[in-house]
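Trainee: Hey, could you walk me through this structure? I'm new to this, so please keep it plain.

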Amino acid sequence: MAIAKAERLMNLALCLLGTRRPLTKRELRSSIEAYIEAGTDDSFNRMFERDKDDLRELGLVIETVDAIDGEVGYLARRDSNRLPPITLDAEEAAALGLAAKIWQQARLAGAASGALQKLRAAGMPLAGDGEEYEDATPHSALEPRIPAHEAAFEPLMLACRDRRPVVFDYRKANAARPEQRHVEPWILECWRGHWYVAGWDRGRQAERVFRLSRITGKVRSRQGAFTAPVPDHVTVRETVESWAGETATGTARIRLRADHGYPLRARALTVRDLGDGWDELEIPSGHGLDAWLVEFGPDVVVLEPAELRADVIDRLRAVAKG
């Protein structure tokens with residue numbers, strides 16, 4: 001549905017920009033397929049007015065003038081909608097080139113590739129085009145990637161963009177079965193190789209953060225507006241860090257299999273070789289550390305505190321029953 005609206009807006013913009021005289025509503029309705037299929041005149045009028053307002057909000061200058069036959073006409077003059085020249089220095093162009101290479105999804109990669117081609121056509125050197133300017137640095141020697149293999153990524157990205165509520169089945173780390181969640185998604189963020197979506201959970205009536213890899217089945221979009229205000233700043237990373245024990249309130253002792261659990265070793269306060277292929281680590285402990293330790297499976301054994309050990313065992317049993 002979001003894609004259909006984008007296509008409709010694009011078609012309307014092209015019609016208004018591609019004519020030398022004002023076009024009436026009647027002419028626009030007969031020229032754009034989505035308007036032809038609108039059904040009643042009232043449905044078309046509401047759709048057209050919303051689209052016209054959306055285009056103006058996006059920055060398109062649309063004039064309302066009298067057409068030749070006396071009807072009201074609409075026109076977007078090219079000289080009124082021409083962008084000023086864009087100038088970038090070598091570092092700015094290189095940054096854009098790297099940003100365009102980050103996304104691996106086919107849809108995003110296509111849009112990024114098109115943007116790069118336009119920049120190159122304007123004579124701007126980009127990352128990887130070192131031969132085009134003398135002082136170029138090899139920015140493309142290490143190319144960043146943000147992997148998003150979860151099927152939930154694209155529908156949630158579109159839902160965040162269009163402010164559209166969604167429904168999906170979500171399985172918590174300590175749950176045997178998934179539960180249906182009704183969410184108003186705000187933002188997607190990647191942390192330590194995992195994608196999370198933050199939003200308003202209608203069932204809990206509270207802000208929640210969901211890990212995309214724990215969403216099962218399809219993400220279904222729903223009609224209607226958000227019921228909760230979207231905050232100016234959403235602390236996805238801070239929330240996930242607190243769940244993962246990053247906001248430490250104490251310490252924990254664990255046994256960790258040798259040559260495993262490098263993220264835990266990176267945070268360790270002390271490491272002691274126990275022999276027999278095991279090490280003992282003292283790590284910062286905070287809310288949600290049990291959920292993170294469960295991900296390491298049989299490579300981690302919690303020694304203390306007893307509460308953390310019990311929580312990890314409960315989570316492992318719940319997963320085993322599932």
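This is a predicted model: local features need pLDDT of at least 70, side-chain atom pairs count only at pLDDT 80 or more; totals for chains, interfaces and linings use all residues.

Trainee: Okay, how many helices and strands does the chain have?

Mentor: The chain has eleven helices and twelve strands. Helices (H or I, at least four residues) and strands (E, at least two) are DSSP runs, numbered from the N terminus.

Trainee: And what share of the chain counts as buried?

Mentor: Of its 322 residues, 38% count as buried. Buried means under 20% relative accessible area, exposed means over 50%, and partly exposed is in between (1.4 Å probe, protein chains only).

Trainee: Which residues touch the most other members in the largest nonpolar core?

Mentor: Those are Leu156, Phe168, Leu188, Leu212 and Ile215, in a core of 18 residues. At least two residues each come from helix 7 (153-162), strand 4 (166-170), strand 5 (179-191), strand 6 (194-201) and strand 8 (215-221). Helix 7 gives the most, with six residues. By nonpolar core I mean a set of buried Ala, Val, Leu, Ile, Met, Phe, Trp, Tyr and Cys residues joined through side-chain atoms within 4.5 Å.

Trainee: Why would residues like that end up together?

Mentor: In soluble globular proteins, nonpolar side chains tend to be buried together.

Trainee: Thanks. In what order do the five strands of the open sheet come?

Mentor: The order is 7-6-5-4-8, with antiparallel pairing. Strand 7 (206-211) and strand 8 are at the edges with a single partner strand each, so one side of each has no neighbour in the sheet. Two strands pair if DSSP finds at least two bridges between them.

Trainee: How many bridges join strand 4 to strand 5?

Mentor: Five, and these strands run antiparallel. Aspartate 169, for instance, stands opposite glutamine 180 in strand 5.

Trainee: Where does helix 7 lie?

Mentor: Helix 7 lies across strand 4, strand 5, strand 6 and strand 8, at about 90° to strand 5. For that angle, axes are lines fitted to C-alpha atoms, for helices over the stretch in contact, and angles run from 0 to 180 degrees between N-to-C directions. The buried residues of helix 7 are Phe153, Leu156, Met157, Leu158, Ala159 and Cys160.

Trainee: New topic. Is arginine 29 buried or exposed?

Mentor: Arginine 29 is buried, at 18% relative accessible area. Arginine 29 lies in helix 2 (residues 25-31). Beyond its neighbours within four places in sequence, arginine 29 is in contact with Tyr35, Ile36, Gly39, Thr40, Asp41 and Phe44.

Trainee: And why is strand 11 described as largely enclosed?

Mentor: Seven of the eight residues of strand 11 (residues 278-285) are buried, so the rest of the structure largely encloses this strand. Strand 11 pairs with strand 9 (residues 250-257) in the antiparallel sense over eight bridges, and with strand 10 (residues 270-275), also antiparallel, over five bridges. Valine 271 has leucine 281 in strand 11 as its bridge partner.

Trainee: What about the backbone? Where is there a cis peptide bond?

Mentor: A cis peptide bond joins glutamate 304 and proline 305, with omega at about 5°. Proline 305 sits in the loop between strand 12 (300-304) and helix 11 (306-321).

Trainee: What is phi for glutamine 205?

Mentor: Phi of glutamine 205 is near 55°, which is positive in a residue other than glycine. Glutamine 205 lies in the loop between strand 6 and strand 7 and counts as exposed at 52% relative accessibility. Aspartate 259 also isn't a glycine and has a positive phi of about 65°; aspartate 259 is exposed, at 59% relative accessible area.

Trainee: Why point those out?

Mentor: Because most residues other than glycine have a negative phi, and most peptide bonds are trans.

Notes
Residues are numbered from 1 along each chain as its sequence is written. Side-chain values use heavy atoms; hydrogens and water are left out. Contact means heavy atoms within 4.5 Å.
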